[in-house]
Amino acid sequence: MSPSSFNFVEAKDKFTASARFALTSKTSKPLINAFNQIPGNETEKKTTLDQALRSVLGDQIIEHKASCDDYLSLIYLSIDAVTEGICSATTPFLLLGDVLDCLPLDQCDKIFSFVEENVSTWKSNSFYTAGKNYLLRMCNDLLRRLSKSQNTVFCGRIQLFLARLFPLSEKSGLNLQSQFNLDNITVFNKNEQESTLGQKHTEEKEEGMEVEEGEMGEDDTPAPCSIPIDYNLYRKFWTLQDYFRNPVQCYDKFSWMTFLKYSDETLAVFKSYKLDDMQASKRKLEELRASDGEHVYFAKFLTSEKLMDLQLSDSNFRRHILLQYLILFQYLKGQVKFKSSSSVLNDDQTTWIEETTKLVYQLLREIPPDGDKFATMVEHILNTEENWNVWKNEGCPSFVKERTVDDKPKRPTRKRQAPEDFLGKGPDRKIFMGNDELTRLWNLNQDNMEACKSDSREFMPSLDEFFAEAIEQADPANMVEEEYKVVRNPNYGWRALRLLSRRSPHFFQPTNQKFKSLADYLDSMVSKLAKELPKDIPSEEIKTGEEDDDDNGDNLLKDSNDSPSIQSKLVTNQQMDDIAAKLGAQWKMLASHLEMKAAELREIETDSEDVDMQAKLLLVAWQDREGTQATVESLITALNAAGFSQIADGLNEA
C-alpha cells in the first residue's frame with residue numbers, strides 16, 4: 001500500500017484541537033502525540049503546526065475574552081514545541097509580534113515583562129539565530145509607538161533588553177559612524193517681542209499650567225535672582241542646545257565664535273549665581289538626598305521663560321547642562337574614525353576647551369548635594385568612554401579570545417636549529433618538507449650537512465657560457481621577439497645578477513642610464529658583454545683547455561678550483577677546517593683582527609659550545625661578509641697580526 005498523502009486542512013484542524021487541549025491541560029503532550037500520529041514529512045507537519053498556533057492566537061484576540069496570561073500560556077506552549085522539535089524556531093517570536101501589535105500599551109508592558117524574564121531562553125542556541133531579527137523588529141515597533149517623554153521608563157527597558165540580548169560586538173546596535181540625533185530640536189521663544197521677561201507678573205500661575213507636587217510651595221518661594229534674567233540670556237542659554245545636538249558645527253569658524261560667546265556668558269552666570277547663595281530650605285535638600293533622584297526625569301527640557309529662574313536654581317538641571325558641555329568637549333577633542341578631514345581644532349580652540357573643562361568640573365563640585373562625588377563619577381565615566389571610542393575606531397573587534405588548539409607549553413625556539421631538531425632518527429626515515437620537490441631534494445642524501453660540503457657543489461658558470469643564449473638572442477639577425485628572450489625570465493634574471501656581481505666589473509660601475517625593468521638592464525649588460533667576451537674561446541676562469549669533458553662535471557669543477565687565479569685568492573672549506581682545529585679556544589684573538597663585532601661573537605658563542613666549531617663559525621662569518629675579498633693573503637695577514645705565525649706559514653705553504 002502506498003503511504004497516505006498529507007492533508008493540510010485535516011492536519012491543521014487536529015493540531016488546533018490539540019493546541020486548545022494542551023492549553024487547558026497545561027502540557028505539551030497532546031501536541032507531541034498529534035505530531036507523531038499525523039502522516040507526512042516533518043517539514044510539512046511543522047509548517048502546519050505553526051499555522052495552527054497562530055490560528056489559535058487569532059481566535060483569542062478576536063474573542064476579546066483572553067487575558068495576558070492566556071496569551072503567555074500559548075507562547076510558553078510554542079516554546080516547549082520548539083524544544084521538542086515539532087515546531088519552527090520562529091513561531092514564538094511571530095506569536096509575540098502578533099500579540100504586541102494587537103494590544104494597548106498598558107498590556108504590552110505586561111507582555112514585555114515576560115520577554116525580559118526569558119532573555120536567557122532567547123539567547124540559547126535553539127532560538128537566538130532564528131529569532132534575533134524578529135526581536136529587534138518587535139522592539140523597534142514598540143519604540144515607535146511609545147512616547148519618549150510619557151513612556152520614558154518603558155523605552156529604557158526596551159533599550160536595556162536589547163543590550164542584554166545582543167553581544168557587545170553586534171554592529172547592528174552600534175552607532176559606528178558617530179551620527180547624532182538631529183531630530184532632537186529644543187523649541188523656545190525666538191521672538192523678543194513676545195517675551196515676558198523683565199516684566200512684573202501679577203499672576204503667579206497661569207491657567208492650564210501645572211505645578212508638580214513639592215516643586216513650589218508657599219514656604220519655598222525662590223528668592224529673587226541675584227543676576228537679572230533678560231531675554232538675551234534666555235535666548236543665548238537655549239541656543240546652546242543646538243550645539244549640543246550637533247557638535248560638528250563647532251568646527252565652523254563663525255559657529256564656533258557664537259558658541260564661545262554664549263558659553264562664556266552662561267558659565268559666568270553659573271559661576272556667580274551659586275546654589276549655596278540662594279535661600280533654599282534644608283528640607284528640600286534632605287528630600288532630594290532621600291529620594292536619590294528617582295523622581296527626576298528630563299526627557300525634554302521645559303523652555304518657558306517663567307521657569308528660567310527656577311531652572312537656574314535647580315541642582316539637577318545645572319548638572320544636566322554642565323554634563324552636556326563635558327560630552328561635547330570629549331567629542332571635539334577625541335579621535336573619531338568617521339570625522340571629516342576638516343574637523344580639526346586649532347590651538348586656540350584646544351586651549352579654551354581645556355580651560356573650560358576645568359571650570360565645568362569646578363562648578364560640578366560646587367553643586368549640592370554631594371558635588372565632589374558626582375564630579376568624580378562623571379570624570380570616571382567619560383574616561384571609560386574613551387576606551388569605547390578606541391574600540392569603535394579599531395572596527396569593533398570581538399571580545400572573545402579564541403583558545404589555541406595546542407595548549408601545551410611551546411618549546412622556546414633558538415635562532416638556529418640544532419641538526420637533531422629536523423633530521424630523521426634512522427637512515428631510512430623520509431623527511432617531508434611540505435612540498436614534493438623540496439622533499440625529493442632533502443632526501444637525496446642521508447646526511448645533508450655532509451652533502452652540502454661536497455666539492456661538487458662549489459661551482460660558478462663563466463660569463464660567456466651563461467650569457468651565450470642571451471647574446472645570441474640579442475643579435476638582430478636572429479629575429480627573436482622580445483617576449484621570448486631569456487632575459488625576460490625572472491628566474492634567469494635573478495641568477496644573472498648574482499653572476500654579474502661576482503664576475504663582471506660592469507656591475508659596480510655607476511651609470512646615469514635609467515632602466516624601467518630588470519630585462520632592460522640585462523639587455524644593456526648583454527650588449528656590453530657581447531663586445532668584450534672572446535668568441536668561441538672558453539673562459540679562463542673556469543677552463544684552461546686541458547680538461548676532458550665529463551658527464552657529471554666533477555672533474556671540471558675540481559680542475560677549476562685548482563686554477564692559480566682562484567687558489568691564490570679564495571680560502572677553501574678544508575683550509576678553514578684546519579685553521580679552526582689549530583685555533584681552538586684562542587679563536588677570539590683572531591676575531592678582533594678580522595674586524596668582527598661583539599654582537600657577532602656573542603651569536604657564535606650561542607650557536608655552539610664546541611670551541612672548534614666556534615672557530616669555524618668565525619671564519620665562515622668572515623667569509624660571508626667579505627665575499628670575493630676573503631682571500632688567503634687577507635687571512636695570512638690577520639693571523640700574523642694576531643700572533644699565529646705558525647698557522648699563517650702553514651696556510652702559505654698549502
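What share of the contacts in the chain with a separation of 6 or more is accounted for by residues 24 or more positions apart? In this predicted model, such pairs account for 70% of those contacts, a contact being heavy atoms within 4.5 Å. Local features need pLDDT of at least 70 and side-chain atom pairs count only at pLDDT 80 or more, whereas totals for chains, interfaces and linings use all residues. Residues are numbered from 1 along each chain as its sequence is written, and side-chain values use heavy atoms, with hydrogens and water left out.

The chain contains 31 helices and zero strands (DSSP runs numbered from the N terminus; helices are H or I of at least four residues, strands E of at least two). Of its 654 residues, 34% are buried (under 20% relative accessible area; exposed is over 50% and partly exposed in between, with a 1.4 Å probe and protein chains only).

Lysine 616 is situated in helix H29, which spans residues 611–626. With a relative accessible area of 12%, lysine 616 is buried. Beyond its neighbours within four places in sequence, lysine 616 contacts Asn573, Met576, Asp577 and Ala580.

Leucine 444, by contrast, is exposed, its relative accessible area being 60%. Leucine 444 occupies the loop between helix H18 (436–442) and helix H19 (448–452).
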